[in-house]
Amino acid sequence: MKNINFEKKILLSSYTTIKVGGFAEYFSKPNNTDEFINLIKWSHLNNQKCRIIGAGSNLLINNIFLKGLTICTKTMRSLKIDAITGIVEAEAGVMLPTMANMLAKNGLQGGEWTVGIPGTVGGAICMNAGSRNISLAKNLLSVQVIDTKTLEIYEIQKKDIDFQYRFSPFQQNNLLIISAKMFFEPKGNIEQLLETTKRNLKRKTETQPYDLPSFGSVFKNPTNNYAGKLIEELGLKGFKIGDAEISTIHGNFIVNNSSANSKDIFDLITVIQQKVLQKKGIFLQPEVRMIGF
């Protein structure tokens with residue numbers, strides 16, 4: 001099989017935004033769709049477990065040896081934008097901030113909010129990532145996937161995907177996202193869109209701890225409430241376990257002060273859940289995906 005390039009025993013902490021993670025038995029960064037598909041086929045034919053990481057945000061990887069193949073999609077960056085029709089085609093590894101800026105430059109409206117999300121298109125669709133009440137699913141037309149069991153490659157229309165708050169079926173099924181087709185409103189005012197995008201990024205960096213390694217938001221917002229607000233009301237900002245700390249800037253962020261390990265972070269998540277449940281009667285569901293626990 002052509003185009004099979006992987007490394008062995010790679011430390012994954014460099015590939016997560018919280019800078020924590022154990023070793024991958026096999027690791028690869030495909031540059032395009034063909035390489036990605038070949039890697040999936042290789043893992044299938046060799047009975048290797050296969051896991052996908054995008055930008056590594058929203059991801060806690062245990063400090064253990066992870067058997068099988070870990071694929072980082074961040075180098076699958078093909079992005080095609082049609083400024084006239086508003087149709088956008090993006091490989092799974094395209095970073096949302098990159099896409100946000102390109103949309104604005106091409107006069108496409110509706111993606112300005114994505115500039116502050118440090119994830120990939122594939123990851124954002126899988127996690128149904130969003131900001132407040134908006135998510136990328138709103139702009140989605142279809143997704144190209146590969147079935148890890150049958151190796152069949154096909155397109156799924158948005159109407160056939162059951163998106164829910166911070167959830168998509170891709171979190172549970174055998175389908176891996178290769179690329180996505182989206183629609184953004186064309187013929188917008190470019191200057192205005194660039195300004196809004198810039199302002200959105202500024203607001204995010206001022207209200208969230210961008211100077212330290214973190215996941216992004218740790219917990220999903222409960223119905224009619226905010227996880228960060230609940231955590232802050234209990235006076236938990238600044239609370240630490242080891243080198244993992246609840247951010248002093250935003251209660252729904254955990255930061256790695258330098259040498260936090262996966263146990264510190266996992267324990268801190270558990271303590272937050274217990275305290276909020278005891279005092280507020282609300283169980284906070286993690287938004288963070290956990291591997292190897």
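Reply: Ser 179 is found in strand 12, where strands (DSSP runs of E, at least two residues) and helices (runs of H or I, at least four residues) are numbered from the N terminus. This is a predicted model, in which local features need pLDDT of at least 70 and side-chain atom pairs count only at pLDDT 80 or more, while totals for chains, interfaces and linings use all residues. Residues are numbered from 1 along each chain as its sequence is written, and side-chain values use heavy atoms, with hydrogens and water left out.

Ser 179 has a relative accessibility of 16% and so counts as buried; buried means under 20% relative accessible area, exposed means over 50%, and partly exposed lies in between, with a 1.4 Å probe and protein chains only. Apart from its neighbours within four places in sequence, Ser 179 is in contact (heavy atoms within 4.5 Å) with Ala 90, Glu 91, Ala 92, Val 143 and Gln 144.

Phe 183 also lies in strand 12, but with 31% relative accessibility this residue counts as partly exposed. When its neighbours within four places in sequence are set aside, Phe 183 is in contact with Thr 85, Gly 86, Ile 87, Asn 139 and Leu 141. Between Phe 183 and Met 290 there are 31 Å in space, C-alpha to C-alpha, and the two are 107 residues apart in sequence.

The loop between strand 12 (175–183) and helix 4 (190–207) contains Lys 187, which counts as exposed at 72% relative accessibility. Lys 187 has a positive phi of about 65° although it is not a glycine. Most residues other than glycine have a negative phi.

Beyond this loop comes helix 4, whose 18 residues should span 26 Å at 1.5 Å a residue, and this agrees with its end C-alpha atoms, which are 26 Å apart; the expected span is 1.5 Å times one less than the number of residues. The buried residues of helix 4 are Leu 193, Thr 197, Asn 200 and Lys 204. Seen down the axis of helix 4, these buried residues fall within an arc of 60° (taken from the directions from the helix axis to the C-beta atoms), so they line one face of the helix. An α-helix has 3.6 residues a turn, so residues three or four places apart point the same way. Helix 2 (96–105) and strand 8 (130–131) are included in what covers the buried residues of helix 4, whereas on the other side of the helix Glu 191, Gln 192, Lys 198, Lys 202, Arg 203 and Glu 206 are exposed.
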